Amino acid sequence: MASGYKFECDRCGYIVETMGPSEFYRDGQRNRKPYGHPLPFPGEALDYGVKGLSADLYCPFCKKIFDMVMVEFDIPYHCDKGEIFWDDVEDPDRHRNEGSVICPGCKHVGMILGPLHKDECKPGAEGEMLAGDCPKCGEGILVSRLSWMS
Ligand SMILES: [Zn+2]
Ligand SMILES: [Zn+2]
């Protein structure tokens, strides 16, 4: 269920990439590992089950990308297809939602995964974009260049 997004500064060409949400599992040492999509990776992933969803999120305040846990289930989720759906994620009986994802760098709330609509962004800018100015030059705007889905 993951999507990837690429944003390019309209001034200097700097590129920011976000991605997610991706299923993960935790091994016996509680290490977070990619679960695989749409099928679990061969090996232990299927045994442990989906423990939650992670993503590479962009913080518009400190302008950095962080690999973060978005949702983590109390009990790992097992299903035949190795894929979980938002209906399950949003079922309060199934998971512990930490609420809004907080930036580990600057502690602001409001990490961003995908492009925002025009009216949520700077006035006058064209196309879909990521909130805020370019992290490199500070003058351009990050505009969506391409995205993918798996
Ligand atoms: Zn931040
Ligand atoms: Zn720039």
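**View 1. Lys63 sits in the loop between strand S4 (50-59) and strand S5 (64-77).** Strands here are DSSP runs of E with at least two residues, helices are runs of H or I with at least four, and both are numbered from the N terminus. This is a predicted model, in which local features need pLDDT of at least 70, side-chain atom pairs count only at pLDDT 80 or more, and totals for chains, interfaces and linings use all residues. Residues are numbered from 1 along each chain as its sequence is written, while chains are lettered from A and ligands numbered from 1 in the order in which they are written. Take a look at the backbone of Lys63: its phi is near 60 degrees, a positive value in a residue other than glycine. Lys63 is partly exposed because it has 18 C-beta neighbours inside 10 Å; the label buried calls for 20 or more other C-beta atoms within 10 Å, exposed for 12 or fewer, and partly exposed falls in between, with C-beta atoms placed from the backbone.

**View 2. Arg30 lies in the loop between S2 and strand S3 (32-34).** Here, too, phi is positive in a residue other than glycine, with a value near 65 degrees for Arg30. Arg30 has 7 other C-beta atoms within 10 Å, so it counts as exposed.

**View 3. A cis peptide bond joins Gly20 to Pro21.** Its omega is near -10 degrees. Pro21 belongs to strand S2 (residues 15-26).

**View 4. The largest nonpolar core holds 19 residues.** A nonpolar core is a set of buried Ala, Val, Leu, Ile, Met, Phe, Trp, Tyr and Cys residues joined through C-beta atoms within 7 Å. Phe7, Leu57, Tyr58, Ile112, Leu130 and Leu142 touch the most other members. Strand S1 (3-9), S2, S4, strand S7 (129-133) and strand S8 (141-149) each give two or more residues to this core, and S4 gives the most, with 5. Apart from this core lies another, of 6 residues, including Phe24, Ala45, Val50 and Tyr77.

**View 5. Leu57 and its contacts beyond four places in sequence.** Two residues are in contact if their C-beta atoms, placed from the backbone, lie within 7 Å. Around Leu57 you will find Thr18, Phe66, Met68, Val101, Met111, Ile112 and Leu113 in contact with it.

**View 6. Stepping back, the protein has 2 helices and 8 strands.** Along the sequence they follow the pattern β-β-β-α-β-β-α-β-β-β. Of the 150 residues, 26% are buried. Among contacts with a separation of 6 or more, 58% come from residues 24 or more positions apart.
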